[in-house]
Amino acid sequence: MILVRKNVPWFTAVLVILAYLGWGRAPSIRGNPEASAQSGRSGRSLVFIVNKVSPVDNLSPQDLRRVFLGERTKWPDGHKITVVMQDQGTEERDAFLHLVCHMNESDYTRYVLQAAFTGAVQGGPRVLSSAAGVVKFVSLVPGAIGYVRSGETDDSVKIIKVDGVSPNAEGYKFGIIKLGKVQH
Amino acid sequence: MLSGFCGCKEFIQWVKSVGQGRVDRVINMTKRRRFEATLLLIGLIVAGIGGFAIRDLRRATQETWQMHSDMVHALDLITELQYQTQETRRSMLYSLTTTDPNLQVNYAEGSRAADKRVIQLIAGYLNLTPSPLGDVAGKRLLRDWQNYAKTRDDVVALILEGSVKEAVQLDLRAGFPSFDRVRDDVNGIEQIYKRRSENQFAEVKRAFNRSILRLGIILCLSIIFAGVAVGQLEKGQLLEAIQGSEARLREVIESINEGMCVVGRDGLVDLWNRAAEVSLRRRRQDIVGHPLMEVFPDLQESRLAAGITEARQNGTTIVLEDLQLTLEDARHIFVARVFPFEGGTTIFFNDVGERKRAEKVQAATFRAAEAANAASNLEDLFQSTHAIVNDLMPAKNLYVSLYNPESETLSFPYFIDEHDSTPAPRKLKGGLTEYVLRTGNALLAPPKVVEELKEKGQIEDIGTPSVCWLGVPLKKGDDSVGVLAVQSYTEGVTFGEEEQKILTFVAAQIAMTIERKRAEAELTSALQMKSDFVSFATHQLRTPLAGIKWSLELAAQEENLSEETASFIQDGRDSAQRLIGMVNDLLDVSRLESGKLKLAPKETSLAELTQGVLKDVSHQIEKQGHHLSVSGMEGIPTVLVDPQLFRQVILNMVSNAIKYTPSGGKIDINMGRENSLVRWAITDTGIGIPKANQAHLFEKFYRAENVYKIETEGTGLGLHLVKMIVDKSGGRIWCESEENKGSTFQFTLPLSGGNG
């Protein structure tokens with residue numbers, strides 16, 4: 001008590017600063033979707049994005065698997081498919097591997113190496129360290145496809161439906177709850 | 001001041017100097033004003049030039065600034081455009097240099113952002129109306145850029161896909177050429193803009209040159225205007241100065257109290273001043289522009305016409321005195337001074353009538369004073385005074401009235417009147433005479449004043465009433481002893497202040513004379529009484545003295561007298577002798593003074609007289625031990641004097657020399673001729689006469705202070721008698737003396753006619 005009483009100005013100052021910081025951060029969270037995407041706290045689903053020029057609107061989970069594992073190399077309009085992955089260790093990557101590829105990280109690594117070795121896949125997936133990078137990449141490359149949390153996208157890319165279900169709709173296969181449950 | 005001009009040369013000099021001074025002053029002032037005006041105009045010019053210059057420069061500056069800002073803007077745009085186009089390409093190429101997709105994405109993103117800015121810039125250019133880039137060039141640039149951007153997007157996509165080889169191939173095939181086109185477009189725009197700027201600059205330069213030219217023209221015009229303005233100003237100033245000078249000159253001319261007339265070469269009168277109007281009785285408008293001789297026909301006959309001609313010919317100043325000119329009222333006397341000059345002749349007329357009159361008055365008053373002095377009796381005085389007064393004023397009727405305070409009567413010792421006869425002495429009444437006597441003041445009484453006084457009860461009518469009466473009191477001290485009055489019965493003949501002044505002066509003279517006559521009469525009678533008494537007394541004294549003297553002579557001749565008795569008798573004889581001498585002296589003086597002693601002049605030789613005297617006094621000289629010397633006796637001319645009296649003169653002087661010279665002194669008698677005079681002098685080495693006493697030496701009963709030490713019995717009559725005799729004989733006597741050294745007495749006498 002004596003300590004507290006003696007240092008009341010200091011505590012007060014620290015509290016004021018903290019309060020200020022907390023106050024100041026709040027609007028930026030609300031006003032900047034990219035920042036909220038980076039924070040990792042928003043978005044309950046895994047969404048797949050393609051370039052706006054892409055004719056693809058809807059894919060089945062199987063299609064997604066084939067695309068991401070390099071079994072399909074071209075889109076129906078002839079554009080080369082470029083897969084964009086997020087860095088190892090991210091929740092999205094783990095959830096993606098689990099839900100789409102039905103693999104864990106080591107399985108996937110082995111698969112990629114094997115595919116490269118056999119020549120089944122050329123170049124392999126492009127790996128980007130952030131969701132924002134993924135979105136930008138997809139927006140720049142006509143044949144690109146990547147995944148991010150819902151809410152981390154913007155107008156520069158197109159979100160595709162899975163089995164005809166948009167991420168916001170009921171019955172979307174890659175909900176966040178499921179995502180959280182698939183953690184190892 | 002002007003009246004002090006006796007000559008016109010001085011006057012003209014003065015006028016010239018006044019005028020010149022004023023002109024000089026004005027010229028100086030004009031110079032100063034010119035300087036000020038020049039300064040002012042220069043100021044105006046500078047201000048005007050400054051204003052125009054500022055306006056033009058401002059315009060030029062605005063244009064230049066506009067050009068500059070346009071250029072800067074354009075350069076900014078072009079630079080930005082160049083930079084951003086380069087940036088898109090550079091960023092794209094950077095993305096080629098790495099395999100990290102993160103970096104590649106970043107670079108690509110940068111490239112795309114730059115692309116967006118390029119599009120914005122171009123759109124900005126194209127939105128401007130008119131477009132600084134030129135519409136065609138701008139649109140081409142936009143098209144080219146869109147082509148390039150498309151290719152670049154493809155290349156970027158390929159890079160990001162990892163298809164580097166394809167990307168490079170695509171860029172080389174399409175991207176690079178299209179970028180080149182874009183670059184060319186931008187450079188083209190830069191060129192266009194530079195050209196435009198040059199044009200704009202050239203236009204500004206032209207505008208600037210134009211304004212310089214305009215300024216030059218304005219400057220020239222200003223200088224011309226300034227010159228003209230200064231010239232006008234100067235002209236105005238000079239005109240004003242000349243007018244001022246002329247006005248002043250005119251004022252001066254008008255203020256001269258001498259008539260001034262300028263006659264031009266054509267003989268017409270140019271100038272006629274106010275004094276001329278007054279003194280010559282001609283108005284200016286009647287004479288200016290007319291020939292002088294026509295207006296004054298008299299002048300044609302006079303010497304003036306000849307004088308003017310002469311002055312013109314010789315170029316000299318001519319003074320014409322006593323120029324007679326009959327004007328409307330009377331004959332006037334003028335002095336004219338004629339001054340020729342280039343443009344004609346200046347004539348100054350001076351009416352000397354007034355001056356002559358003043359001179360006459362002065363002379364008359366002097367004469368009145370003289371008459372007063374010379375008049376032997378009052379009747380003569382009154383007559384001569386009347387004559388003098390009559391000269392000066394219409395004083396036909398003049399009377400003098402005297403008041404006798406003892407009998408309290410008024411008498412009229414002099415009375416000349418056209419109407420009335422001399423009134424008898426009367427007791428004081430209420431006439432004008434009594435009024436003046438009572439008040440003690442002069443009275444100038446025209447009928448109006450007389451009426452007023454009558455109404456007040458101050459006076460009443462006595463005798464015939466006059467048209468004008470003027471009376472002044474005769475005063476003795478503060479008392480009025482009489483009245484001098486003049487009166488006129490002629491209508492229009494009146495008196496004024498001047499007459500009063502003259503009369504007052506004459507009255508003072510008369511009063512003085514009356515007073516003096518009275519005093520003289522008293523004095524004469526007193527002197528007569530004294531003289532009579534002395535003469536009587538001396539005569540009466542001489543008879544018993546003779547008896548005493550003779551008795552003593554007889555007693556001295558008696559035998560067997562004791563020595564003591566004999567000495568008593570001798571003392572008695574000496575005293576009697578001295579007393580007889582004194583009585584004789586007194587008698588002589590008294591006779592001489594009363595005029596009873598008549599001189600009996602004869603041709604007399606002073607040398608003989610001197611020798612005779614010296615013989616008589618030789619024993620005294622010896623007794624005193626004096627050294628006597630006589631010189632100049634030879635050839636001394638005779639003089640016409642009374643020998644008896646002159647013997648006494650010489651004896652007196654010799655005995656004085658002996659008496660007042662201590663024993664063993666030197667006595668020197670010298671005589672001789674000096675021009676028409678005979679001089680006789682005696683010099684001794686005696687006690688002399690103090691300077692202070694010398695002036696009174698010849699006065700009756702006067703004795704010098706230092707003689708009492710030597711002899712106390714002198715009467716002071718001797719030298720008085722000597723002087724009287726010498727004076728009566730037409731000679732002169734005087735004395736030079738120095739105390740304790742000696743004296744010289746000498747007299748001179750005129751040569752008698754017989755000596756030539």
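1. How far apart should the ends of the 12-residue helix α9 of chain B be, and which distance do its end C-alpha atoms show? Counting 1.5 Å a residue, α9(B), residues 303-314, should span 16 Å, and its end C-alpha atoms lie 16 Å apart, so the two agree. The expected span is 1.5 Å times one less than the number of residues. Helices here are DSSP runs of H or I with at least four residues, strands are runs of E with at least two, and both are numbered from the N terminus.

2. On provenance: this is a predicted model, in which local features need pLDDT of at least 70, side-chain atom pairs count only at pLDDT 80 or more, and totals for chains, interfaces and linings use all residues. Residues are numbered from 1 along each chain as its sequence is written, while chains are lettered from A and ligands numbered from 1 in the order in which they are written.

3. Back to α9(B). Its buried residues are B:Leu304, B:Gly307, B:Ile308 and B:Ala311. A residue is buried if 20 or more other C-beta atoms lie within 10 Å of its own, exposed if 12 or fewer, and partly exposed in between, with C-beta atoms placed from the backbone. Viewed down the helix axis, the buried residues of α9(B) fall within an arc of 100°, so they line one face. That arc is taken from the directions between the helix axis and the C-beta atoms. B:Ala306, B:Gln313 and B:Asn314 are exposed, on the face turned away from the buried side. Just after the helix, B:Gly315 has a positive phi of about 70°.

4. Chain totals. Chain B has 756 residues, 27% of them buried, and its secondary structure comes to 19 helices and 18 strands. Chain A has 184 residues, 31% of them buried, with eight helices and seven strands.

5. The sheet in chain A. Five strands form an open sheet in the order β4-β3-β5-β1-β6, with mixed pairing. Two strands pair if DSSP finds at least two bridges between them. β4 and β6 (157-159) of chain A are at the edges with a single partner strand each, so one side of each has no neighbour in the sheet. Strand β3(A), residues 82-86, pairs with β4(A) in the parallel sense over three bridges. A:Met85 has A:Val127 of β4(A) as its bridge partner.

6. The contact between the chains. Chain A contributes 14 residues and chain B contributes 10 residues; two residues are in contact if their C-beta atoms, placed from the backbone, lie within 7 Å. On the side of chain A that touches chain B, β4 (126-128) and α7 (131-140) each supply at least two residues. The largest share of that side, four residues, comes from α7(A). By type, the side of chain A that touches chain B has six nonpolar residues (Ala, Val, Leu, Ile, Met, Phe, Trp, Tyr, Cys and Pro count as such), five polar (the others, Gly among them) and three charged (Asp, Glu, Lys and Arg).

7. Backbone points to check by eye. A:Asp163 is not a glycine, yet has a positive phi of about 55°. A:Asp163 sits in the loop between β7 (161-162) and α8 (176-181) of chain A and is partly exposed, with 14 other C-beta atoms within 10 Å. B:Asn675, also not a glycine, has a positive phi of about 50°. B:Asn675 lies in the loop between β15 (666-674) and β16 (677-684) of chain B and counts as exposed, with 8 C-beta neighbours inside 10 Å.
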